[in-house]
Amino acid sequence: SGDWSSDVCSSDLLRMAYLDDGQGPVVLMLHGFPDRPETWSRQVPELVAQGYRVLRPYLRGYGPTQAPQDGFYDKATLVNDIALFIKAVSPEKAVDLVGQDWGAIIGYALLAAHPELVRRAVLMAVPHPAEVAKSLLNPRHIHRSFHWWFF
């Protein structure tokens, strides 16, 4: 529902594509795995109607964002991508962040590493890392989160 642009470089190695709708304060929406930015299509019209600019990047490894030459897909690299993306698209103001699943994991780490870039956040489907650590070896949690171990 928006146009993607590859004119924002999140690093020297990566050109990041994103969907862009609306005008106003930025709401940055990070998709989960194996989702894509289009996952947020039902939320975008309401946010735009409320006066927000809604940006939905294709995370590293999701076309049409460039495949990274360095081959890194770790959380720290993804957080760096998003931090640089925010600085490029909203250099003067912190953004509102919405993350789901893998996007939430990136969001928690972004908040820890770069709290100045985020005004407020909604992170869904993944508990805070401190809570995950408490239950990591709980058999019930392992069963419910088998895909973590599988991948």
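**Entry 1: a salt-bridge network.** I started with Asp96, Arg119 and Arg120, which are linked in a network of salt bridges. I keep in mind that this is a predicted model.

**Entry 2: Arg119 and Asp96.** I looked up this pair and found a salt bridge whose closest N and O atoms are 2.9 Å apart. It joins distant parts of the chain, with Arg119 in strand 8 (residues 118–124) and Asp96 in strand 7 (residues 95–100), 23 residues apart.

**Entry 3: Asp96 and Arg120.** Next I checked the salt bridge between Asp96 and Arg120, where the closest N and O atoms are 3.2 Å apart. Here too distant parts of the chain are linked: Asp96 sits in strand 7 and Arg120 in strand 8, 24 residues apart.

Entry 4: Is Asp96 buried or exposed? I found a relative accessibility of 6%, so Asp96 counts as buried, the cut-off being under 20%. Arg119 has 52% and therefore counts as exposed, since exposed means over 50%. Arg120, with a relative accessible area of 44%, is partly exposed.

**Entry 5: Asp20 and Arg53.** I then turned to another pair. The side chains of Asp20 and Arg53 meet in a salt bridge, at 2.7 Å from N to O. Asp20 lies in strand 4 (residues 18–21) and Arg53 in strand 6 (residues 53–57), so this pair ties together parts that are 33 residues apart in sequence. Asp20 counts as partly exposed, at 23% relative accessibility.

**Entry 6: the tally.** How many salt bridges did I find in the count? It comes to 6 salt bridges. A friendly reminder to myself: side chains of opposite charge can pair when their charged atoms come close.

Methods
Residues numbered from 1 in each chain as written. Predicted model: local features only at pLDDT ≥ 70, side-chain atom pairs only at ≥ 80, totals over all residues. Heavy atoms only, no water. Salt bridge = Lys/Arg side-chain N within 4 Å of Asp/Glu carboxyl O. Helix = DSSP H or I, 4+ residues; strand = E, 2+ residues; numbered from the N terminus. Buried < 20%, exposed > 50% of the residue type's maximum accessible area, 1.4 Å probe, protein only.
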